Amino acid sequence: MKRQIFTAEHEAFRETVRTFLAKEVLPHYEQWEKDGIVSRGAWLAAGKQGLLGLAVPEEYGGGGNDDFRYSAVLAEEFTRAGAAGLALGLHNDIIGPYLTGLATEEQKRRWLPGFCDGSLITAIAMTEPGAGSDLQGIRTTAEDKGDHWLLNGSKTFISNGILADLVVVVAKTTPEGGAKGLSLIVVERGAEGFERGRNLDKIGQKSQDTAELFFHDVRVPKGNLLGELNGAFIHLMTNLAQERMGIAVAGIAAAEYLLEITTNYVKEREAFGRPLSKLQHIRFEIAEMATECAVTRTFLDRCIVDHADGELDAVHASMAKWWATELQKRVADRCLQLHGGYGYMTEYRVARAFTDGRIQTIYGGTTEIMKEIIGRSLLG
């Protein structure tokens, strides 16, 4: 079915993204995978190409366009290219809204120009060794010392943790407040007492630096409070729908691409003297995946448009996230199986897609959390 949600401008942007990937990313990607981190030069190149800060107002160096469909194009093309390591979506769509929506004028002028030109890479630190989806379990504290915050604690599984110049830290500012006693505290590179642990060894997305962060009596200026004091829970809930949509968009794009390359593979690969595609079982597998992708694509495109119009709610974002990522996981497994032994070789895209995509049902809120959100909305 022909997609109807993109204009000529969106498709022109798609070509820009593809050109950027071909020139600045794909020639270096294997080395980044070996290094466990992408180059800062790639971030600067993305900024120069106008791929950072798409929704940031032009006065701060951004694109001045908050149409989420541009972010969807970016996510789709990076997914098709297998370039999950350069986490532009995290920077643009997850952390960007915190800075544009919550920052003071002084903070915007201090941080947004670098955010947009690629010289200031960002991360958000929520997860802790003992606290994931349950924010009430956060133990990192920021104590008010009059002219500064004193930050203590640790975070783990932080994407962009090694490269980040600016980290939005979720910390407890009112110990007895539970989830309503949390605030967003911005820690900048070089702060005394701020240390990065190891670059974590993951099964996939090897070039996406994911780290442990440690805060030992870090003195953070009072001017680095982002948003309202004790307002982190509301701020986080407000922005999670967009985070989940970005993950969902990548999920369906990955499933569609895997189906495409597997369809081509079974046409060419022979067994028992004829192409695999001539076997009824193979045709049924392809037919099932194609139908599941088509149905999911229809729902996702509707969600993309609704989000671009400011009408997507948390429940439908949760539906999109869990369904698209579980489909991605299912399709990756089936496509790898159809590739046989070759599917287990890392030189084949299906193998890397299998490991790179496995995190999709976990981060941004697990499938189980998504179902809980949906269930509560229906059953109270």
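Predicted model: local features only at pLDDT ≥ 70, side-chain atom pairs only at ≥ 80, totals over all residues.
**The chain as a whole**

The secondary structure of the protein chain comprises eleven helices and ten strands. Along the principal axes, its C-alpha atoms fill a box of roughly 80 × 50 × 40 Å.

**Two annotated regions**

An unreviewed UniProt entry lists residues 7–118 as "domain: Acyl-CoA dehydrogenase/oxidase N-terminal". Over this stretch the chain is 68% helix and 0% strand, and the end C-alpha atoms are 27 Å apart. The record also lists residues 123–218 as "domain: Acyl-CoA oxidase/dehydrogenase middle", again from an unreviewed entry. Here the chain is 0% helix and 50% strand, with 17 Å between the end C-alpha atoms.

Two packed helices are described by the angle between their axes and the distance between the axes.

Helix H7 spans residues 232–268 and helix H8 spans residues 280–308; their axes come within 10 Å and cross at roughly 150°. Angles over 145 degrees count as roughly antiparallel, so H7 is roughly antiparallel to H8. The crossing of H7 and H8 is left-handed. Residues of H7 in the contact include Met-245, Val-249, Ile-252 and Leu-259, while those of H8 include Ile-286, Met-289, Arg-297 and His-307.

Helix H9 covers residues 314–338, and H8 packs with it at an angle of about 160°, the axes being 10 Å apart. H8 and H9 are therefore roughly antiparallel to each other. H8 passes H9 in a left-handed crossing. On the H8 side, the residues that meet H9 include Glu-285, Glu-288, Glu-292 and Phe-299; on the H9 side, the partners include Trp-323, Leu-327, Arg-330 and Arg-334.

The table sets out the residue classes in the two contacts.

| H7 with H8 | 16 residues | five residues | two residues |

Some residues of H8 take part in both contacts. Ile-282, Ile-286, Met-289, Cys-293, Thr-296, Leu-300 and Cys-303 of H8 are listed in the contact with H7 and also in the contact with H9.

Methods:
Residues numbered from 1 in each chain as written. Heavy atoms only, no water. Axes fitted to C-alpha atoms, helices over the stretch in contact; angles between N-to-C directions. Helix = DSSP H or I, 4+ residues; strand = E, 2+ residues; numbered from the N terminus. Parallel < 35°, antiparallel > 145°, perpendicular 65-115°, else oblique. Left-handed = near helix turned anticlockwise from the far one by under 90°. Contact = heavy atoms within 4.5 Å. Nonpolar A, V, L, I, M, F, W, Y, C, P; charged D, E, K, R; others polar. UniProt positions renumbered as here; feature names shortened; annotations may be inferred.
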